[in-house]
Amino acid sequence: MTTTGGNTPVELLSDEQLQKIYDQRIKNKKGEIDLKNNSEAKKTAALNAKTYKAYQAGMEGLSKGMEGTTTNPFTGSLPALTSEAQTADGAVSAMAPILKSLFREAGEGVFTDKDQELLLNMIPTRKDHPEARKAKLEMVDRIVRAKLGIDFEDIERDGPEAAADAANTDKDPLGIR
């Protein structure tokens with residue numbers, strides 16, 4: 001025991017005791033960080049699941065809209081005169097904001113007309129042949145699943161309800177995917 005210059009005794013700790021205290025504080029701090037990361041991972045997983053659900057609804061509407069009308073370069077270049085063709089065009093338009101929200105990151109700056117054009121060119125239209133339409137849908141689907149960290153094989157095996165579980169970033173706590 002020693003004093004601080006007054007009458008209050010202060011116990012000096014050995015290097016071993018100081019190391020134990022330091023190790024315990026680091027462990028506690030790491031636990032706080034792990035809890036924070038886990039909480040953020042759960043928020044990200046919930047957001048990804050919500051985003052994926054909106055994307056699935058848009059893709060279902062797009063797919064059904066395109067299946068309900070004739071698609072090829074000739075008929076697609078004509079005005080949408082039938083309700084089926086109008087539905088298909090509307091489904092394409094509905095996908096634009098969904099894909100924009102998926103592919104745009106915060107702080108990226110202005111979304112130009114060229115950016116919009118590139119995004120819309122990914123989406124099948126009435127001008128696409130049925131085979132091209134299917135290929136575009138599959139390509140967009142794979143890109144979106146990869147972007148959200150959703151395991152394609154898990155969803156195929158377990159069905160659509162597995163999307164929320166597959167979007168869970170606990171599998172990738174660093175958020176690298």
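**Salt bridges and helix packing**

Lys 136 is partly exposed, with a relative accessibility of 22%. In this predicted model, Lys 136 forms a salt bridge with Asp 128. The closest N and O atoms of the pair are 3.1 Å apart. Asp 128 has a relative accessible area of 13% and is therefore buried, the cut-off being under 20%.

The whole structure holds six salt bridges. The pair of Lys 136 and Asp 128 is one of them. Another joins the side chains of Asp 89 and Arg 126, with an N to O distance of 2.9 Å. This pair links distant parts of the chain. Asp 89 belongs to helix H3, whereas Arg 126 lies in the loop between helix H4 (113–122) and H5. The two residues are 37 residues apart. Their accessibilities fall into separate classes: Asp 89 is partly exposed at 31%, and Arg 126 is buried at 7%.

Arg 145 has a relative accessible area of 10% and counts as buried. Asp 141 is also buried, with a value of 15%.

Arg 126 has a contact with Thr 69 as well. Thr 69 sits in the loop between helix H1 (15–67) and helix H2 (73–77). Its relative accessibility is 16%, so Thr 69 counts as buried. Leaving aside residues up to four places away in sequence, Thr 69 touches Thr 82, Glu 84, Ala 85, Ala 88 and Arg 126.

The packing of helix H3 against helix H5 comes next. Two packed helices are described by the angle between their axes and the distance between the axes. For H3 (residues 83–103) and H5 (residues 130–148), the axes come within 10 Å and cross at roughly 40°. H3 is therefore oblique to H5. The crossing of H3 past H5 is left-handed. On the H3 side, the contact involves Leu 99, Leu 102 and Phe 103. These residues meet Val 140, Ile 143, Val 144, Lys 147 and Leu 148 of H5. Seven residues of this contact are nonpolar and one is charged, while none is polar.

Terms used
Residues are numbered from 1 along each chain as its sequence is written. This is a predicted model: local features need pLDDT of at least 70, side-chain atom pairs count only at pLDDT 80 or more; totals for chains, interfaces and linings use all residues. Side-chain values use heavy atoms; hydrogens and water are left out. Helices (H or I, at least four residues) and strands (E, at least two) are DSSP runs, numbered from the N terminus. Buried means under 20% relative accessible area, exposed over 50%, partly exposed in between (1.4 Å probe, protein chains only). Contact means heavy atoms within 4.5 Å. Axes are lines fitted to C-alpha atoms, for helices over the stretch in contact, and angles run from 0 to 180 degrees between N-to-C directions. Angles under 35 degrees count as roughly parallel, over 145 as roughly antiparallel, 65 to 115 as roughly perpendicular and the rest as oblique. A crossing is left-handed if the near helix is turned anticlockwise from the far one by less than a right angle, and right-handed if clockwise. Ala, Val, Leu, Ile, Met, Phe, Trp, Tyr, Cys and Pro count as nonpolar, Asp, Glu, Lys and Arg as charged, and the others, Gly among them, as polar. A salt bridge is a side-chain nitrogen of Lys or Arg within 4 Å of a carboxyl oxygen of Asp or Glu.
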